[in-house]
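I am opening my notebook on a structure that is new to me, and you are welcome to read along. I will jot down each thing as I look it up.

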Amino acid sequence: MKFLKSKMLLLIAFLLIGMVVSAQNLVTGVVTDTGGTPLPGVNIMLLNGQSNYGVVTNLDGQFKIDVPNNSTIEVSYVGFITQTIKVKGGQRLKILLQEDAQSLDEVVVVGYGTQKKETVVGSISSVKPVQLQVPVRSLSQSLVGNVAGLVALQSSGEPGKDDAQFWIRGIATFTGDPNPLVLVDGIERPLENVDPLEIESFSVLKDASATAVYGVRGANGVILINTRRGYDGPAKIDVRYEHGFSAPSKRLSFVDAATRSMLFNEAVDATAGISSSFKYSDAEIKAMRDQTDPEVYPNVDWQEVLMKDLTMSEKLSVNISGGGKYARYFTAVSFYNQEGQYHINPGSYSWVPSSIGSFGENVNYKRYNFRSNVDMDISPKTTVSFGIQGNVSENTEPAEGGSASIYRDIINAAPNAFPVILKDGRLAGRDGLNNPYNMLTQRGYVKNISNALRANLTVDQNLDFITEGLTAKLTYAYDYSTDAADTRSRSINFFEPTGRDENGDLLATEWYASSYQDYLNYSHSSSSTRSQYAEATINYSRTFGKHDVGGLVMGFVKDNRYMIQGMDYITSLPKRSLGLAGRVTYGYDNRYLLEANVGFNGSENFAKGNRMGIFPAIALGWVASEESWLAGNEVLTWAKLRASIGQVGNDQIPSTRFIYLATINESAGGYNNLGLNYDQYQSGIGEGRMANSDVTWEVATKYNLGVELGFFNNFRLMQMCSMKNVKIFSCHLKPLKLRVFQTVLIFMPIWVKWKIKVLKFLENILNKLIKIYLFQQEVTLPLPEILSLKTVNIMRILGKITRGFVMV
């Protein structure tokens with residue numbers, strides 16, 4: 001026994017010694033930016049020939065790494081300057097990373113490629129992905145305040161239906177779809193299902209010179225989204241959980257039942273020809289006020305009974321990225337859940353059930369996302385990329401008109417119209433006026449299920465063996481989506497209280513007794529969409545001394561089919577489009593810039609001779625700050641002038657296709673009294689829509705003038721003016737002129753250590769502006785914390801606010 005104890009003690013001693021030695025070789029620390037904000041996901045790599053060993057910082061910017069004595073670690077993060085630090089075991093570090101403004105602004109994603117930011121002459125805005133990572137369901141909700149010239153409208157807050165509609169520099173068309181073209185990894189795909197954590201770059205193309213290569217598709221502006229890809233390095237796993245809440249921006253205020261009844265009586269007295277028998281008696285008004293009989297004389301605050309003050313949402317995202325020399329990968333999965341705004345709060349009505357029950361469902365939205373990007377170098381000059389993205393969403397809502405209908409019933413129901421439910425469990429109501437409790441809990445529910453699978457294959461070929469700077473790319477994409485609705489509903493009867501008999505029993509009129517069902521009916525509907533897209537691109541970019549030369553030739557074809565039961569012949573036909581585009585760029589000494597673009601598109605909507613459209617654009621730029629007489633100026637550190645003119649086209653005619661063809665109405669008016677017994681009817685054949693073979697493209701001519709000024713290397717002021725002449729499908733209409741003026745003030749990082757001491761007199765204005773910005777982002781920041789921010793943080797916030805207010 002003693003021998004065993006000594007063995008155990010010896011083992012414990014060795015373990016303790018090992019833990020001490022391990023602790024002595026452990027280096028811990030935290031990584032922040034210069035403003036003190038922790039940076040998650042920073043790479044901490046051990047050098048000294050062990051480059052495959054490293055860790056990443058957690059959500060609080062903290063890390064732990066075991067190192068040999070007298071080691072060197074490398075600290076790197078995208079957009080920040082890499083640091084190399086000598087460390088020894090047991091050391092605790094506080095590492096401050098500085099932003100690398102040059103790396104952040106070096107290139108800008110443009111149509112079918114990238115360009116140096118200094119040489120861009122089109123109107124293009126880039127947004128850092130971190131600015132879009134806010135706790136909302138749809139990416140469209142986070143664009144306002146981050147993109148200058150973008151106007152957004154969110155008309156609903158219902159889960160799953162709260163996408164914001166947005167326009168770039170206003171509405172660019174008066175006939176077709178005014179929404180901009182959204183390209184995800186170069187393919188036209190919806191914006192709302194893109195997880196912000198999957199985004200690598202986000203650009204907005206605004207003027208004709210920037211969008212001309214997209215031809216007719218880019219008439220309303222273009223949004224380019226490139227998703228994240230893998231890298232040559234060890235696997236990196238990122239797990240993120242978000243929990244948010246939403247509250248009504250405003251609740252409508254209504255008077256109670258007694259006050260409403262008194263006002264009703266006043267209205268009767270003030271209206272000629274209305275009998276006083278319609279008025280409420282004093283006893284009835286008193287009963288409503290005192291609630292002595294809430295079944296006959298109810299006083300229901302429908303918002304309080306059926307609506308929540310707060311609704312919750314949650315999101316879990318997991319992604320992994322990494323790879324080796326010849327293959328790289330990025331994979332991400334996420335789950336989003338948003339609950340509805342309805343519930344049952346009985347309050348003083350103790351006989352009302354506190355749950356919705358089995359005949360109804362609350363509003364709820366769930367979404368599952370998956371994305372995987374793989375890049376493989378099959379040869380030193382050939383890269384094959386494969387991407388697949390899928391999402392499944394389930395949106396549950398009441399069967400009777402959905403969430404919006406329930407809210408409308410809540411607003412329409414008077415507090416004294418009927419009780420929530422009768423004490424004996426029978427449903428309450430009146431003919432011609434819906435009881436919102438019945439609509440929510442008794443009429444059934446609908447589950448809308450959407451499935452989408454999107455895949456794309458790209459081959460990039462370096463053609464340096466022909467000439468340096470020449471590349472080619474082939475892309476094929478296949479998208480398939482389905483939408484299905486499972487409806488379970490029933491008909492109900494309800495009772496309208498009219499008074500009490502001599503025994504005090506409730507008297508009530510029953511409505512729709514014969515239609516009552518004690519089960520839910522079932523119905524199903526579905527539709528699907530299939531899209532195929534193919535594209536071939538040849539790019540050329542080369543520098544000859546002070547001369548930068550670039551070129552692009554691109555062609556695409558697209559086939560889109562929509563399928564639904566009972567569709568007509570026209571709907572069954574696929575929508576097909578094709579186009580060619582070209583671009584030439586030239587720059588001399590990074591000072592004088594020229595870019596010419598042209599798009600050549602065909603449309604099915606016009607007759608032969610009018611189907612093809614050519615849409616050219618040209619842009620010029622002058623970087624004055626690169627001139628010898630201005631270079632080195634410490635005050636005006638950046639000056640650039642740019643101008644462009646170009647045309648864009650639109651072929652979308654609302655609610656119709658093939659407008660150049662006439663239609664025949666086979667159900668036109670006919671004749672009665674036909675046949676042997678004069679009892680037959682025969683419909684006629686008539687002319688439907690008349691043919692219009694002269695209709696052609698809606699063309700908009702866009703003019704853009706921009707001035708960029710930078711001072712002290714710290715902030716830039718951009719003033720832009722644009723004008724559009726719009727010709728709407730006819731050369732006989734006088735073109736409409738639209739003008740847009742736009743001012744953007746962007747604060748670049750200012751590295752100072754002193755606090756703001758003169759903010760008091762701006763406190764009220766600043767508090768309101770920040771409250772507006774932060775409300776959009778669904779985060780909170782107390783004013784005392786705002787007042788203690790460093791100058792750089794205040795200017796970042798002001799910069800974002802300024803970008804959110806654009807004069808149109």
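**Entry: Thr382 and its surroundings**

I looked up what Thr382 touches once its neighbours within four places in sequence are set aside, and found contacts with Met376, Asp377, Val459, Asp460 and Gln461. I keep in mind that this is a predicted model. Thr382 belongs to strand S21, which covers residues 382–398. Is Thr382 buried or exposed? I noted a relative accessibility of 10%, so Thr382 counts as buried, the cut-off for that word being under 20%. I also found a polar contact at 3.0 Å between the side chains of Thr382 and Ser379.

**Entry: the strands around S21**

Next I asked how S20 and S21 are joined. A hairpin of two residues leads from S20 to S21. The two strands run antiparallel, with 15 bridges between them. As one example, I wrote down Asn369, which stands opposite Asn391 in S21.

I then turned to S19. Strand S19 (residues 327–339) pairs with strand S20 (residues 364–379) in the antiparallel sense, over 13 bridges. Here I picked out Ala332, whose bridge partner in S20 is Arg371. A reminder to myself: strands of a sheet pair through backbone hydrogen bonds, and they may do so parallel or antiparallel.

**Entry: salt bridges**

How many salt bridges does a search of the whole structure find? I wrote down 23, and I followed several of them.

- Lys447 and Glu394 meet through their side chains in a salt bridge, 3.6 Å from N to O. Lys447 sits in strand S22 (residues 444–462) and Glu394 in strand S21, so this pair links distant parts of the chain, 53 residues apart.
- Arg561 forms a salt bridge with Asp559, and their closest N and O atoms are 3.5 Å apart. Arg561 counts as partly exposed at 25% relative accessibility, whereas Asp559 is buried, with a relative accessible area of 13%.
- Glu604 and Arg657 form a salt bridge between their side chains, 3.0 Å from N to O. Why does this pair tie together parts that are 53 residues apart in sequence? Because Glu604 lies in the loop between strand S29 (592–602) and strand S30 (612–623), while Arg657 lies in the loop between strand S31 (636–650) and strand S32 (664–674). Arg657 is buried, at a relative accessible area of 13%.

Which residues make the nonpolar surface patch of about 570 Å²? My list reads Tyr476, Tyr478, Tyr480, Tyr562, Met563, Ile564 and Met567. Strand S23 (470–489) and strand S27 (547–564) each supply at least two residues of this patch. I looked at Ile564 on its own: Ile564 is found in strand S27 and is partly exposed, with a relative accessible area of 35%.

**Entry: an open sheet of five strands**

I moved on to a sheet elsewhere in the chain. Five strands form this open sheet, in the order S10-S15-S16-S13-S14, and the pairing is mixed. Which strands stand at the edges? They are strand S10 (124–127) and strand S14 (187–188); each has a single partner strand, so one side of each is left without a neighbour in the sheet. S10 pairs with strand S15 (residues 199–205) in the antiparallel sense over four bridges. Within that pairing, I noted that Ile124 has Leu205 as its bridge partner in S15.

**Entry: the whole chain**

I ended with the totals. The chain has 12 helices and 36 strands. Of its 808 residues, 43% are buried. I also looked at contacts with a separation of 6 or more: residues 24 or more positions apart account for 68% of them. The chain exposes about 41900 Å², and carbon and sulfur atoms supply 58% of that area.

Note on methods:
Residues are numbered from 1 along each chain as its sequence is written. This is a predicted model: local features need pLDDT of at least 70, side-chain atom pairs count only at pLDDT 80 or more; totals for chains, interfaces and linings use all residues. Side-chain values use heavy atoms; hydrogens and water are left out. Patches are made of residues with over 30% relative accessible area and no salt bridge: like charges are joined within 9 Å, nonpolar side chains (Val, Leu, Ile, Met, Phe, Trp, Tyr) within 5 Å. Accessible areas come from the Shrake-Rupley method with a 1.4 Å probe; for residues, only the protein chains shown count as cover. A salt bridge is a side-chain nitrogen of Lys or Arg within 4 Å of a carboxyl oxygen of Asp or Glu. Buried means under 20% relative accessible area, exposed over 50%, partly exposed in between (1.4 Å probe, protein chains only). A polar contact is a pair of N or O atoms within 3.5 Å; within protein, one must be able to donate a hydrogen and the other to accept it, and residues adjacent in sequence count only if both atoms are side-chain atoms. Contact means heavy atoms within 4.5 Å. Two strands pair if DSSP finds at least two bridges between them.
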